[in-house]
Amino acid sequence: RYLAIMLLVASILCFLILLALYPVVGQYLLGSEFRVYSKLFPWLALAGGCFAAAQQFLLKLTCEMRTHIIAVLWGAIAFIAICAYFIGAKYWQLNGIISSVVIVNASLLLFTMFLMGKIKA
């Protein structure tokens, strides 16, 4: 659990740093025609951090052989993802897709943390 919390805190710090420095980061990592997309870096880092933290919590559930809970969780997240990606793409194009990625991964983390709180280890 501590590793998951550390991953989440590091991801939030990375998000905040990239939010301030994304033009500089884009300058080094992207070609000139793609630098306009460097504004996506902070949001993708946040989504990835939420996913990584959730995976640590899910690893604990897997080791405890609580596969039924994990299956229900992934089913719910898949439904949320399909809806969010469809709505985001239809109405807000690229910004909608990126927002959906963040929402889906944050939802995964929140639902996983909720389940971890409900399960007495």
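**A quick tour of the helices and their cores**

Let's start with threonine 62, which sits in helix H2. Keep in mind that this is a predicted model.

**Threonine 62**
- With a relative accessibility of 38%, threonine 62 is classed as partly exposed, because that class lies between the 20% limit for buried and the 50% limit for exposed.
- Valine 9 is 53 residues away from threonine 62 in sequence, and their C-alpha atoms are 23 Å apart in space.

**The nonpolar cores**
- The largest nonpolar core is made of 19 residues, and Leu58, Leu61, Leu73, Leu108 and Leu109 have the most contacts inside it.
- Helix H1 (2-29), helix H2 (41-63) and helix H3 (67-118) each give two or more residues to this core.
- H3 supplies the largest share of this core, with 10 residues.
- A second, separate core has 5 residues, among them Phe15, Leu46, Val101 and Val102.
- Leucine 109 touches Leu8, Cys50, Ala53, Ala54 and Phe57, leaving aside residues up to four places away in sequence.

**Asparagine 105**
- Asparagine 105 has 13% relative accessibility and so counts as buried, since the limit for that class is under 20%.
- A polar atom of the asparagine 105 side chain lies 2.9 Å from the backbone oxygen of valine 101.
- Leaving aside residues up to four places away in sequence, asparagine 105 touches Ala47, Cys50 and Phe51.

Terms used
Residues numbered from 1 in each chain as written. Predicted model: local features only at pLDDT ≥ 70, side-chain atom pairs only at ≥ 80, totals over all residues. Heavy atoms only, no water. Core = buried A, V, L, I, M, F, W, Y, C linked by side-chain atoms within 4.5 Å. Buried < 20%, exposed > 50% of the residue type's maximum accessible area, 1.4 Å probe, protein only. Helix = DSSP H or I, 4+ residues; strand = E, 2+ residues; numbered from the N terminus. Contact = heavy atoms within 4.5 Å. Polar contact = N/O pair within 3.5 Å; in protein donor to acceptor, adjacent residues only side chain to side chain.
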